[in-house]
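Here is a protein to look at, followed by some questions and answers. Keep the structure in view while reading.

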Amino acid sequence: MSNTQAQAEQEEIDLSQANEIIDKYINMKGALMPVLQEVQEAYGYLPEDCVQLIAERLNVYPSQIYGVMTFYAQFHLEPRGKYIIRVCMGTACHVKGAGRIADTLSNRLGIGHAETTEDLKFTVEHVACIGACGMAPVIMVNDATYGSMSVQKMEEVVKKYQGMD
Ligand code: FES
């Protein structure tokens, strides 16, 4: 278990926000998706206690919720970083050195694919083609795209975001 996970599990989750969101949708058909989306927006991820609560109150099995979460990659069971750094590992980016860029990022942040730094500042994800092959190799930080990446540029981007709140 990662430290982040352990930390997250130790924390008591305040369920009042989740209850308020469920209250809004409880009598609606197809409530599950909007509830999951809003709860994740409120908490930044879907804590297990919230999943249990949603299951109880919407009268579905937790396994159904986990199934939906697995199907829709936008849902997350663990806290995520403020900055999500996506490194494209698609063919065009791979050929142009995405591996070296991913390694540089891992070395700088001390985390690999699908991991989050302990201070919850960064999450790293290796992703498939993001549709900007002309700028390969490409990374994204939240909504910002950085193209023609090199090891040096990766270092600069990390420094820039480390210096930001
Ligand atoms: S392969 Fe990286 S953007 Fe297409």
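This is a predicted model: local features need pLDDT of at least 70, side-chain atom pairs count only at pLDDT 80 or more; totals for chains, interfaces and linings use all residues.

Q: Is leucine 77 buried, exposed or partly exposed?
A: Leucine 77 sits in the loop between α5 (62-71) and β1. Buried means under 20% and exposed means over 50%, with partly exposed in between. The relative accessibility of leucine 77 is 41%, so leucine 77 counts as partly exposed.

Q: Which residues is leucine 77 in contact with, leaving aside its neighbours within four places in sequence?
A: A contact requires heavy atoms within 4.5 Å. Threonine 116 is 39 residues from leucine 77 in sequence, and their C-alpha atoms are 12 Å apart. With neighbours within four places left aside, the contacts of leucine 77 are Tyr45, Leu46, Val51, Tyr66 and Met69.

Q: What is the largest C-alpha distance among the residues that UniProt places in the feature "binding site"?
A: An unreviewed UniProt entry gives the feature "binding site" at Cys88, Cys93, Cys129 and Cys133. These residues are spread over 46 residues of sequence, yet they cluster in space, with a largest C-alpha distance of 9.3 Å.

Q: Where is cysteine 88, and is it buried or exposed?
A: Cysteine 88 belongs to strand β1 (residues 83-88). Not counting residues up to four places away in sequence, cysteine 88 touches Cys93, Ala98, Val127, Ala128, Cys129, Ile130 and Val138. Its relative accessibility is 3%, so cysteine 88 counts as buried.

Q: What is the relative accessibility of cysteine 93?
A: Cysteine 93 is in helix α6 (residues 91-95). Leaving aside neighbours within four places in sequence, its contacts are Cys88, Ala98, Ala136, Pro137 and Val138. Cysteine 93 counts as buried because its relative accessibility is 4%.

Q: Which residues does threonine 104 touch, not counting residues up to four places away in sequence?
A: Threonine 104 is part of helix α7 (residues 98-109). At 9% relative accessibility, threonine 104 counts as buried. The residues that threonine 104 touches, with those up to four places away not counted, are Val151, Met154 and Glu155.

Q: How many helices and strands does the protein have?
A: From the N terminus on, the order of elements is α-α-α-α-α-β-α-α-β-β-β-β-α. This gives eight helices and five strands.

Q: What percentage of contacts between residues at least 6 apart in sequence join residues at least 24 apart?
A: The protein has 165 residues, and 42% of them are buried. Among contacts between residues at least 6 apart in sequence, the share that joins residues at least 24 apart is 61%.

Technical notes. Residues are numbered from 1 along each chain as its sequence is written. Side-chain values use heavy atoms; hydrogens and water are left out. Helices (H or I, at least four residues) and strands (E, at least two) are DSSP runs, numbered from the N terminus. Buried means under 20% relative accessible area, exposed over 50%, partly exposed in between (1.4 Å probe, protein chains only). UniProt positions are given in the numbering used here, feature names are shortened, and annotations may be inferred rather than shown by experiment.
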